[in-house]
Amino acid sequence: MEASLVEKIEASNILVVGAGGIGCELLKNLAGSGFKHVEVIDLDTIDVSNLNRQFLFRTHHVGKPKCTVACEAARDMSPHSPHNDPVGFYVAHHGNVKDNDRFGVNFFKRFDVVLNALDNVDARRHVNRLCLSAEIPLIEAGTTGYLGQTTVIMGKQTECYECQPKPTQKVYPICTIRSTPSMPVHCIVWAKELYKLMFGSAPDSMLFEDEEGDEKSTFMSPVVDGRLKVEEKPSAEKLLKYTKSVLTALFTTEINKQLGMDRYKGAKKTPVAHDVEAMTKSIKAGDLKPPSETEGGEKRVWTNEECCQEIYCIVSEMYTVATSPPDIFSSSIAFDKDNHVAMRFVAAASNLRASVFKIETNSYYTAKGIAGNIIPAIATTNAIVAGQEVLELMKILKHGKDKVMEVCKFTYCLRAKTRKGFFLQPTSLQPPNEKCYVCKNARVVVSIDTKTFTLEGFIDQVLKKKMSFNSPILQIGCDQIYEDGEPEYEQNLAKTLENLPCGGIKDGTTLVVEDFEQDMEVNINFVQMEFEEEDERGQFLIGGDKPVAKKTTKDGGGGGGAGGDKMGEEEKKEEEAEEDDDDIEVLDANELPPPPPAVTKGKKRGREEDPLSSEKP
Ligand SMILES: Nc1ncnc2c1ncn2[C@@H]1O[C@H](COP(=O)(O)OP(=O)(O)OP(=O)(O)O)[C@@H](O)[C@H]1O
Ligand SMILES: [Zn+2]
C-alpha cells in the first residue's frame with residue numbers, strides 16, 4: 001500500500017453503524033487494514049443465535065452490547081496500540097442511531113466516511129439523510145442469503161439511498177393461494193389460514209369464500225361445521241373421524257369439485273386428489289405418536305401418511321390435552337412460526353396440499369424457514385460485502401470525496417456466475433433522481449381521504465412509518481399546525497385533516513414538513529381521494545408527480561424517489577393489484593436490502609445482464 005494512503009487510513013475518522021453480521025466483518029477489515037479512529041453505533045446486545053456468524057462474539061459475551069465487544073475485539077486485532085493514539089480508538093456507542101440527542105448531524109460531521117452495516121430500511125434511511133446533511137460519503141451494504149450489494153452515496157453526485165423506491169412487501173393473490181398454488185410458499189400460506197380456520201375463531205377466513213360469486217364455499221364447511229365440542233371431551237375415535245372428514249373435504253372433495261368445474265383447463269399442472277381413506281388406513285384411534293417426534297423427524301420430509309398422522313395428533317392435542325394456547329376457537333389462535341403445534345400443523349397440511357398440486361414437499365425445518373420468511377444469513381456473503389465496503393472506502397480516501405461518482409462502484413454479489421464467469425458485478429453509480437424528495441427536495445403527492453384521516457394517523461402512518469421522518473414539524477402556509485412534544489398542538493392530533501386549523505388539509509393543499517433532526521424539508525401536495533369500500537379505509541397513496549391510479553400500482557406507478565408507493569393500513573393489496581385485489585399474505589421484506597434497480601441493457605448501470613434474473617423471487 002502506498003505511503004500516502006497509509007497516512008490517510010491512519011488519520012481518517014470512520015463511523016460504522018451496526019455491529020451485527022456485516023459490522024463484525026467490517027471491524028475486522030478496518031482493524032487489519034490499519035484504521036485507527038473508528039467509532040461504532042449499535043443498539044443491540046449479543047444473542048446466542050448471533051454466535052455462528054458474528055465471529056467477534058463468544059458465548060461469554062452473550063447479553064453484552066455488540067458494539068462494545070466488537071470494538072474490544074477490533075482493538076486487539078489492530079496493529080496499533082491504543083496507548084499511542086487513544087483518542088477515538090475503536091469507540092463503542094451503545095444506542096439507536098436515530099437518537100438525535102446523541103447522534104445528530106453534528107455528531108456525523110466529525111467523520112470522514114460512514115459505513116453502514118444495518119439490517120433495516122428505516123435506520124438506513126435515517127443514516128442516509130444525516131450523511132446527506134453532513135455532506136459525507138456513505139458506504140451502504142446489505143445481504144439476503146447469497147445475494148448482496150455494496151454502494152456508495154455522496155450527496156449531489158450519486159443517487160441517495162431513497163432515490164429509488166424500495167421493494168414492497170410480498171403479497172400473494174387469494175386465487176393463487178386458494179386455487180392455483182405453484183410454489184411451496186403458496187401451500188404454506190394456505191396451511192397457515194387453515195390452522196386458524198380449524199382451531200381459531202375464523203369462519204370468515206378467505207379460505208371459506210368462493211372465488212367466483214358471493215356464495216360461501218362449501219369446501220370448507222366440514223372443517224368448521226364439523227368442529228367437535230371441547231367440553232364434551234371427544235373420544236379418540238371421534239377425533240380420528242373428524243380428522244379424516246377434514247382431510248377428505250380438503251384434499252379429495254374440494255380438489256375433485258374444482259376439477260369438475262374445469263378450473264384447471266390449460267393449467268400447467270393439473271392437481272390430483274388424494275385418496276384420504278387409503279392414506280389414513282393405518283392410523284389407530286388413540287395412537288398419538290407424531291412423526292415430528294421421531295428421530296430426525298423435523299429434518300426429513302414426511303410421507304403423506306405421516307402428514308395425516310401428524311394432523312391427527314395435533315387435532316387430538318388441541319382438543320384434549322391442555323392445548324397450547326388453551327383457548328381453542330378464539331381469536332388468539334393465530335399462526336406463529338414459533339408455536340410448535342402450529343408449525344407442525346402447517347408443515348403437514350402444506351405438504352398434503354403440495355403433493356396434490358405436484359409441488360415440492362418440505363421438511364418441518366424448511367417449512368418453518370419459509371413460513372417465517374426466514375432467509376438464512378450467510379456469513380460468506382456478509383464477508384464479501386464488508387470487504388467490498390472497505391475497498392470503496394480506500395478509493396474515497398485515495399481520491400477524495402469529490403470523486404466518488406468517478407471512482408466508486410455499485411457492486412452486486414451474485415449467486416450464479418455472470419456470463420464472464422464472475423460472482424461480483426461492479427456497475428457505475430447513478431446520478432441523483434430528480435424526483436427524490438430526500439436529496440432533490442422534490443414535491444411529494446399524497447392521495448388520501450382528508451375527510452376521515454386524522455392528523456395523528458397521518459403523522460404515524462405516512463410521515464413516520466412510510467417516509468421515515470423522526471420528529472416532524474408541520475406547516476400549512478406560514479402557520480405551524482404540529483410539532484412533536486409541543487402540548488399546544490396536541491389537540492390537533494384527533495382532528496381530521498380537513499378540519500385542521502389554518503384552512504385544513506384538502507385537495508390541493510400544500511403542507512410543509514420539516515425535520516430538524518434529519519435536516520430535511522419536504523413539500524407535500526394533497527389530492528383528496530375517497531375509498532368507498534370499508535376495508536380500504538385508511539389507505540393512501542404516495543406518488544411522485546401524479547397520484548397513482550388504484551389497481552395499477554405494481555411498481556409504484558407515481559415514479560421517482562417519492563416512492564410512488566401505494567400504501568394502506570395493513571399494506572395489503574400491493575403487488576398483485578392488477579391481478580387480484582384481494583391479497584392476503586404479507587411477508588415481511590422490509591428488512592431486506594433493496595434489490596438492484598431496473599436496468600436498461602448496456603445503458604443504465606452499464607451491465608451485461610441482470611444478475612438477479614436467475615434468482616427465484
Ligand atoms: N436503529 C439502529 N440503531 C443502531 N443499530 C441498529 C439499528 N438498527 C439495527 N441496528 C443494528 O444493526 C445490526 C444488523 O446486523 P445483523 O442483521 O447481522 O444483526 P442481527 O439483527 O443480530 O442478525 P439477525 O437479524 O440475522 O439475527 C444489528 O446488530 C442491529 O442491532
Ligand atoms: Zn435521493
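This is a predicted model: local features need pLDDT of at least 70, side-chain atom pairs count only at pLDDT 80 or more; totals for chains, interfaces and linings use all residues.
Which helix holds Ala 349? The answer is helix H13, which spans residues 340–356.

Ala 349 has a relative accessible area of 0%, so it counts as buried, the limit being under 20%. What surrounds it? Beyond its neighbours up to four places away in sequence, Ala 349 touches Trp 190, Ala 191, Leu 194, Phe 251 and Ile 311.

Now step back to the whole protein. It has 617 residues, and buried ones make up 54% of them. Its secondary structure comes to 17 helices and 15 strands. The exposed surface comes to about 27200 Å². Carbon and sulfur atoms supply 49% of that surface.

The metal site comes next. Which residues coordinate the zinc ion (ligand 2)? They are Cys 160, Cys 163, Cys 436 and Cys 439, each through its SG atom. The distances run from 2.2 to 2.3 Å. The angles among the four donor atoms are 94 to 118°. The site is tetrahedral because all of these angles lie between 85 and 135 degrees. Along the chain, the donors follow the spacing C-x2-C-x272-C-x2-C. Cys 163 and Cys 436 link distant parts of the chain, for they are 273 residues apart. Cys 163 sits in the loop between strand S6 (147–153) and helix H7 (174–178). Cys 436 sits in the loop between strand S8 (424–428) and strand S9 (444–448). Are these two cysteines buried or exposed? Cys 163 is buried, at 0% relative accessibility. Cys 436 is buried as well, with a relative accessible area of 0%.

Turn to ligand 1. There are 18 residues around it. Those that come nearest are Gly 21, Asp 42, Arg 53, Lys 66 and Asn 96. An N or O atom in its side chain is 2.4 Å from an oxygen atom of ligand 1. The side chain of Asn 50 has an N or O atom 3.0 Å from an oxygen atom of the ligand. Val 97 uses its backbone instead. A backbone N or O atom of Val 97 lies 3.0 Å from a nitrogen atom of ligand 1. How much of ligand 1 does the protein bury? Taken alone, the ligand exposes 620 Å², and the protein buries 79% of that.

Next, look at His 61. This residue is in the loop between strand S2 (37–42) and helix H3 (66–77). Its relative accessible area is 10%, so His 61 is buried. Setting aside residues up to four places away in sequence, His 61 touches Ile 46, Leu 56 and Val 69.

What sets the backbone of Tyr 90 apart? Its phi is positive, at about 50°, although Tyr 90 is not a glycine. Tyr 90 counts as buried, at 0% relative accessibility.

Ser 468 has a positive phi too, near 60°, and is likewise a residue other than glycine. Where does Ser 468 lie? Its place is the loop between helix H17 (455–466) and strand S10 (473–476). With a relative accessible area of 2%, Ser 468 is buried. Leaving out residues up to four places away in sequence, it touches Asp 122, Arg 125, Arg 129, Leu 463 and Gln 518.

The last stop is Leu 397, in helix H15 (residues 379–399). Its relative accessible area is 11%, so Leu 397 is buried. Apart from neighbours within four places in sequence, Leu 397 is in contact with Leu 5, Lys 8, Ile 9, Ser 12 and Phe 35. How far is Leu 397 from Lys 268? They are 129 residues apart in sequence. From C-alpha to C-alpha, Leu 397 and Lys 268 are 55 Å apart in space.

Definitions and conventions:
Residues are numbered from 1 along each chain as its sequence is written. Chains are lettered from A and ligands numbered from 1 in the order in which they are written. Side-chain values use heavy atoms; hydrogens and water are left out. Donors are N, O and S atoms within 2.8 Å of the metal (3.2 Å for Na, K and Ca); water is not among the atoms, so sites may look incomplete. Four donors count as tetrahedral if all angles lie between 85 and 135 degrees; four count as square planar and six as octahedral if opposite donors are over 155 degrees apart and all others between 65 and 115; anything else is irregular. Helices (H or I, at least four residues) and strands (E, at least two) are DSSP runs, numbered from the N terminus. Buried means under 20% relative accessible area, exposed over 50%, partly exposed in between (1.4 Å probe, protein chains only). Contact means heavy atoms within 4.5 Å. A residue is near a molecule or strand if one of its heavy atoms lies within 4 Å of it. A polar contact is a pair of N or O atoms within 3.5 Å; within protein, one must be able to donate a hydrogen and the other to accept it, and residues adjacent in sequence count only if both atoms are side-chain atoms. Accessible areas come from the Shrake-Rupley method with a 1.4 Å probe; for residues, only the protein chains shown count as cover.
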